[in-house]
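I opened my notebook to record what I looked up in this structure.

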Amino acid sequence: GEFAASGCRNRDGDFIIRGMVSSANENTVVLSDPSNSSSTTSVTLPGRGPFARVRGAFSTSKHEVSDQQLNELRMSQTPVVVTLKCKGNGTPLAQEISYINSDGTHAAISY
């Protein structure tokens, strides 16, 4: 909740936050605070270039797989831990999203 309220303002460096995936698309994931779903943070997913859609037309890209996994985490309401980087006043940039699978194993999506 505290990070959602202040974001990256006046902060630089790596941060770790926990939350639930509220929504995910090709460029962003929105996390909500498990104790207050109205408190959200938008995190940019790196590595999305202008040719991502073209590459995806020929094969399943890494980004399509991560999009699918993020939406599965949203539907299953699985808590995630996000390592992100803040640079000044910008939107935080995800570096890794980790979670625990239903079988108890740890998994992560790295960017």
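I took two strands as paired if DSSP finds at least two bridges between them. Strands (E, at least two residues) and helices (H or I, at least four) are DSSP runs, numbered from the N terminus.

The model is predicted: local features need pLDDT of at least 70, side-chain atom pairs count only at pLDDT 80 or more, and totals for chains, interfaces and linings use all residues. Residues are numbered from 1 along each chain as its sequence is written, and side-chain values use heavy atoms, with hydrogens and water left out.

I looked at β5 (residues 93–100) and β6 (residues 106–110). They run antiparallel, joined by 5 bridges. Tyr-99 stands opposite Ala-107 in β6. Between the strands of this hairpin lie 5 residues, and Gly-104 takes a positive phi near 90°.

**Ile-97.** I found Ile-97 in strand β5. Is Ile-97 buried or exposed? Ile-97 is buried, with a relative accessible area of 1%. Buried means under 20% and exposed over 50%, with partly exposed in between (1.4 Å probe, protein chains only).

**Whole chain.** I noted 3 helices and 6 strands. Along the sequence the pattern reads α-β-β-β-α-α-β-β-β. Of the 111 residues, 34% count as buried.
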